[in-house]
Amino acid sequence: MIQLEPLWIYQQADLALDRFENGLKKSPTRTKLFNVRNAVMEQQNRIKRLEADLQKALDECSRIAADVRKLSAEVNNLDAKMEQCDTEDITQVRRLLKNMEDWNRALASMRKELAQAQNLAHGTDATVKEVRTKLTQGKKDFDALKEKYDAELAAAAPERDRLKAEAERLAKDIPKELMERYKKIKKTRMNPVAKVQNEQCGGCNMAIPSLTMSKLRSGDVLLECESCGRILYFTEN
Ligand SMILES: [Zn+2]
């Protein structure tokens, strides 16, 4: 005769512990804590990306500024040449003037580009500062919530310990193999044991074949529901 009653009683205690622990997981403080943690992580990633952008913009500024300096020197050089120019050759003068115009235009366009890159760098820098401020606040919020949640857990500890101890006490009455089977089913089912009622599985409500029912009545074999895999607990009363 297989005795399933102790396992059935153990399951009640096991489920009570589950419910209590799930209740703790649903704590609004815990939810807030996770949200704040995710936001902080997102801000940290954002800062990394922004700092990379900022570095790129600053590098671009240096590159353009160097180009501007180089071209300015060449324009000054050309300017000097034109002043010294005592040539009467109108073609040469025209060529020099044309060069001067082209270079001045190029210089103006580079300065514009530089100003744009500087604006971009400045904007990125401001955003980095803004996100840093948010991050500091986020970390503060996280610490405060963590403290609150730890206090909640500490307050819940005695009741959790009590439920755990009760489940452990009842587990002592269960044969090792049966407990292993229970734990295996528990991985996919909240309640691995189902009571049989009106020739139906109490877990999934599937009708139990009459052959299985007579085996259950004999009480000699351990049977699992063909449909949901739960251990079937049959009792006449
Ligand atoms: Zn079932």
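Because the model is predicted, local features are described only where pLDDT is at least 70 and side-chain atom pairs count only at pLDDT 80 or more, whereas totals for chains, interfaces and linings use all residues. Residues are numbered from 1 along each chain as its sequence is written.

The protein contains five helices and three strands, where helices (H or I, at least four residues) and strands (E, at least two) are DSSP runs numbered from the N terminus. Followed along the sequence, these elements give the pattern α-α-α-α-β-β-α-β.

Buried residues account for 11% of the 237 residues; a residue is buried if 20 or more other C-beta atoms lie within 10 Å of its own, exposed if 12 or fewer, and partly exposed in between, with C-beta atoms placed from the backbone. Of the contacts with a separation of 6 or more, 75% are between residues 24 or more positions apart, a contact being a pair of residues whose C-beta atoms, placed from the backbone, lie within 7 Å.

The domain assignment gives domain 1 (20–172) and domain 2 (178–233), with bounds that come from an automatic or database domain assignment. The C-alpha centres of domain 1 and domain 2 are 60 Å apart.

Turning to the sheet, three strands form an open arrangement in the order β2-β1-β3, with mixed pairing. Because β2 (200–201) and β3 stand at the edges with a single partner strand each, one side of each is left without a neighbour in the sheet. Two strands count as paired if DSSP finds at least two bridges between them; strand β1 (residues 193–197) and β3 run parallel and are joined by three bridges, and Val 193 has Ile 231 as its bridge partner in β3.

Gly 219 lies in the loop between α5 (210–218) and β3 (231–233). This glycine is partly exposed, because 14 other C-beta atoms lie within 10 Å. Leaving aside residues up to four places away in sequence, Gly 219 touches Met 1 and Ile 2. Gly 219 and Gly 23, by contrast, are separated by 196 residues in sequence and by 37 Å in space, C-alpha to C-alpha.

Conventions: Two residues are in contact if their C-beta atoms, placed from the backbone, lie within 7 Å.
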